[in-house]
Amino acid sequence: MSTPSLLILPGDGIGPEVMQQVRRIIDWYGDKRGLKFEVSEDLVGGCAYDKHGTPLHDDTMAKAQEVDAVLLGAVGGPQYDTLDFSLKPERGLLRLRKEMDLYANLRPAQCFDALADFSSLKTDVVSGLDIMIVRELTSGVYFGEPRGVIKEGNERVGINTQRYTESEIARVARSAFELARKRGNKLCSMEKANVMESGVLWRDVVTEVHQAEYPDVELSHMYADAGAMQLTRWPKQFDVIVTDNLFGDLLSDLAAMLTGSLGMLPSASLGAPMENGRPKALYEPVHGSAPDIAGQGKANPIACILSFAMALRYSFDQGAEADRLEKAVEKVLADGVRTADLLQAEGAKPASTSEAGDAVLAA
Ligand code: NAI
Ligand code: MG
């Protein structure tokens, strides 16, 4: 098998700071585990605009289409706020997601024991929690036509349309079933089939894909509002959840916050399988460029490190190595190494970004 390829786009603000720690971990895998990657690095966001006058150069876009996986830091910053909409750093990220057609957005909610008391829920409700929300990312009410604000008589009317084709539902369902097979073999699909026709179709198509292709996976269905209640009542009943763009937006934020800080949250966005059978994939921390702490060595690198762990698992079939990396993070937290965002006690001395990286490497 040829050396797997990885395109790294550190971006702006704390993006390069957290990505530097990931680069050290990638080097460690090459040196210590014989796991080598062909790594290239390029610009996205404000730094790409500064150099090329566009937040994503065509050459970078082309590279992203060719590699096995893209790993992105974060984009944006106040100095770009006055730019024309089409030139804003975020457009670079949106273009990547759109042109790579990354329709399945994976947001894990995982509770590290050392952070269980950081949650707003009771410790026993979240301790050991490890679930995954799969959100459809490229269709649904955020994209459906007609849309807009129109005038009807004397009134303004706001319109958005929830629209899903069979194939859009089937492909994200497949991504979720595949994931479930690699995890606890259990999938819960959420919609509102009780009040929405698109929800009826969603439920039908997920059921058809299940029967035809994944009968071995345990499938259940839940109305999304009930799902929100169950996620806060007893989240450990779930393994993988698949849902549409709108419900997924809400439910993934809810699920992620069951467990702690923005500086801890990784994500993956997956598209159609490529010729080698791997999905097109972009991995990135959920957080942004954090201009308020950029350049100060304060950023928590764990969200970006865990995003790389997701790449190991979902793009490179290295589940055991992903476990190894997640265990190292767990140990670091258990040892009390905390960047500033994870400190509760006044006066405790926070670890810097590179000290947190040192600790993960040592572990
Ligand atoms: P943000 O996620 O950058 O920051 C929110 C708060 O969380 C800040 O107080 C920040 O210091 C803290 N924080 C974020 N990541 C952290 C980490 N790894 N370690 C410690 N603390 C961390 O969101 P904000 O402030 O709304 O946006 C800042 C810039 O980032 C904007 O230009 C925005 O457009 C962009 N952004 C980019 C995203 C991306 O690249 N995917 C996502 C969200 C925002
Ligand atoms: Mg959101």
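Predicted model: local features only at pLDDT ≥ 70, side-chain atom pairs only at ≥ 80, totals over all residues.

Analyst: Pro291 lies in the loop between β12 (279-285) and α10 (302-314).

User: Why is Pro291 called partly exposed?

Analyst: Pro291 has 15 other C-beta atoms within 10 Å. A residue is buried at 20 or more such atoms and exposed at 12 or fewer. The value of 15 lies in between, so Pro291 counts as partly exposed.

User: What does Pro291 touch, not counting residues up to four places away in sequence?

Analyst: Pro291 touches Gly13, Gly77 and Pro78. The cut-off for such a contact is 7 Å between C-beta atoms. As for Asp239, Pro291 is 52 residues from it in sequence and 35 Å from it in space, C-alpha to C-alpha.

User: What makes Ile150 exposed?

Analyst: Ile150, in strand β6 (residues 144-152), has 11 C-beta neighbours inside 10 Å. The limit for an exposed residue is 12 or fewer, so Ile150 counts as exposed. Leaving aside neighbours within four places in sequence, Ile150 is in contact with Val157 and Ile159. Arg95 is 55 residues from Ile150 in sequence and 29 Å from it in space, C-alpha to C-alpha.

User: Which peptide bond is cis, with omega near 0°?

Analyst: The cis bond runs from Glu145 to Pro146. Pro146 has its place in strand β6.

User: Which phi value does Asp101 have, and why does Asp101 count as partly exposed?

Analyst: The phi of Asp101 is positive, about 55°, although Asp101 is not a glycine. This residue lies in the loop between α4 (89-99) and β4. Asp101 has 14 C-beta neighbours inside 10 Å, which falls between the limits of 12 and 20, so Asp101 counts as partly exposed.

User: What is the phi of Asn185, and what makes Asn185 partly exposed?

Analyst: Asn185 has a positive phi of about 60° and is not a glycine. Its place is in the loop between α6 and β8.

User: How do you know that the span of helix α7 agrees with its number of residues?

Analyst: Helix α7 (residues 197-213) has 17 residues, and at 1.5 Å a residue these should span 24 Å. The expected span uses one less than the number of residues. The end C-alpha atoms of α7 are 24 Å apart, so the two values agree.

User: Which residues of α7 are buried, and why are they said to be on the same side?

Analyst: The buried residues of α7 are Ser198, Gly199, Trp202, Val205, Val206 and Val209. They cover an arc of only 125° around the axis, and therefore lie on the same side of α7. An α-helix has 3.6 residues a turn, so residues three or four places apart point the same way. The buried residues of α7 pack against α6 (166-182) and β8 (186-191). On the other side of α7, Glu197, Gln211 and Ala212 are exposed.

User: What are the buried residues of helix α8, and what places them on the same side?

Analyst: In helix α8 (residues 224-233), Ala224, Gly227 and Leu231 are buried. Their arc around the axis is only 40°, which puts them on the same side of α8. The cover over these buried residues includes β8, β9 (218-223), β10 (240-243) and α9 (245-257). Met229 and Arg233 are exposed on the other side of α8.

User: What domains does the assignment give, and how many residues does each bring to the contact?

Analyst: The domain assignment gives domain 1 (1-123 + 259-363) and domain 2 (130-257). The contact takes 18 residues from domain 1 and 18 residues from domain 2. On the side of domain 1 that touches domain 2, β4 (104-110) and β11 (266-273) each supply at least two residues. The largest share of that side, 7 residues, comes from β4. That side of domain 1 divides into 10 nonpolar, 5 polar and 3 charged residues.

User: Which residues come nearest to ligand 1?

Analyst: Of the 23 residues around ligand 1, the nearest are Gly76, Gly263, His287, Gly288 and Asn300. The shell around ligand 1 divides into 11 nonpolar, 8 polar and 4 charged residues.

Note on methods: Residues numbered from 1 in each chain as written. Chains lettered and ligands numbered in written order. Domains from an automatic or database assignment. Contact = placed C-beta atoms within 7 Å. Helix = DSSP H or I, 4+ residues; strand = E, 2+ residues; numbered from the N terminus. Nonpolar A, V, L, I, M, F, W, Y, C, P; charged D, E, K, R; others polar. Near = placed C-beta within 6 Å. Arc of directions from axis to C-beta.
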